Amino acid sequence: MKKAYISLSIICGVLAVGASLYLLPPDGSAEPSELVGSWRGSQGAELTLREDGSLTAVVVPTRFSDDDKPANLFTGKGTWTLEPKPEAGDQQIHLSLGEVFGSKKGVQLEIQGKGARDGLAIPISIDTGAKFTFKRPR
């Protein structure tokens, strides 16, 4: 009887670990080559990342209001750098979007899914988990 309980416990443990790995989305990560190209968000937002680290942005949000709507939008040129992958969580891209009144504007994007297959996102609210997402055009 003890052998049956032990065997059943081991099988249940293996199934639980397997199910959690399958159900939990993998942390977002990408190589620079997987990020190069055009990305589109809602409300006409567009982001083009180039191989040389330069970018072009069209109405990309840099700040959000209390109701999670874009409060400041940036259109222009800038640069991007891929941050190293952290131990846990999504890898990030830092966008440098020029200067406004002597202060540099920047935005952090989270990579969603392996190879950015689920897009890029600007976190809006830690409390609600709201994100402004960019996807590859189809």
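Colleague: Why is Lys131 called partly exposed?
Modeller: Its relative accessibility is 36%. Buried means under 20% relative accessible area, exposed means over 50%, and partly exposed is in between, with a 1.4 Å probe and protein chains only. Lys131 therefore counts as partly exposed.

Colleague: Where do these values come from?
Modeller: This is a predicted model, in which local features need pLDDT of at least 70 and side-chain atom pairs count only at pLDDT 80 or more, while totals for chains, interfaces and linings use all residues. Residues are numbered from 1 along each chain as its sequence is written, and side-chain values use heavy atoms, with hydrogens and water left out.

Colleague: What makes Lys131 and Glu110 a salt bridge?
Modeller: A salt bridge needs a side-chain nitrogen of Lys or Arg within 4 Å of a carboxyl oxygen of Asp or Glu. The closest N and O atoms of Lys131 and Glu110 are 2.8 Å apart, so the pair qualifies. Lys131 is in strand S8 and Glu110 in strand S6, so the bridge ties together parts that are 21 residues apart in sequence. Helices (H or I, at least four residues) and strands (E, at least two) are DSSP runs, numbered from the N terminus.

Colleague: Is Glu110 buried or exposed?
Modeller: Glu110 is buried, because its relative accessibility is 14%.

Colleague: How many salt bridges does the structure hold?
Modeller: There are four. One of them joins Lys85 and Asp27, with the closest N and O atoms 3.6 Å apart. Lys85 sits in the loop between S4 and S5, and Asp27 in the loop between helix H1 (2-23) and H2, so this pair ties together parts that are 58 residues apart in sequence. Lys85 is partly exposed at 35%, and Asp27 is partly exposed at 35%. Another bridge joins Glu46 and Arg40 at 3.9 Å, N to O. Glu46 is partly exposed at 33%, and so is Arg40 at 44%.

Colleague: What makes Phe64 and Phe132 a tilted pair?
Modeller: Rings of Phe, Tyr and Trp (its six-membered ring) pair if their centres lie within 6.5 Å; planes under 30 degrees apart count as stacked, over 60 as edge-to-face and the rest as tilted. For Phe64 and Phe132 the centres are 6.2 Å apart and the planes 45° apart, so the pair is tilted. Phe64 lies in strand S3 and Phe132 in strand S8, so the pair ties together parts that are 68 residues apart in sequence.

Colleague: Why are these two residues called buried?
Modeller: Phe64 has a relative accessible area of 15% and Phe132 has 6%.

Colleague: Why is the pair of Phe132 and Phe134 called edge-to-face?
Modeller: Their planes are 65° apart, and their centres are 5.4 Å apart, so the pair falls in the edge-to-face class. Ring pairs link Phe64, Phe132 and Phe134 into a cluster.

Colleague: Which residues touch the most other members of the largest nonpolar core?
Modeller: They are Leu35, Leu47, Leu49, Leu95, Leu120 and Phe134, in a core of 23 residues. Such a core is a set of buried Ala, Val, Leu, Ile, Met, Phe, Trp, Tyr and Cys residues joined through side-chain atoms within 4.5 Å. Its largest share, four residues, comes from S3.

Colleague: What does Leu35 touch?
Modeller: Contact means heavy atoms within 4.5 Å. Not counting residues up to four places away in sequence, Leu35 touches several residues, among them Leu49, Leu82, Ala116 and Leu120.

Colleague: Why is Gln91 called buried?
Modeller: Its relative accessible area is 6%. Gln91 is in the loop between strand S4 (70-82) and strand S5 (92-100). A polar atom of its side chain lies 2.9 Å from the backbone nitrogen of Ala30.

Conventions
Polar contact = N/O pair within 3.5 Å; in protein donor to acceptor, adjacent residues only side chain to side chain.
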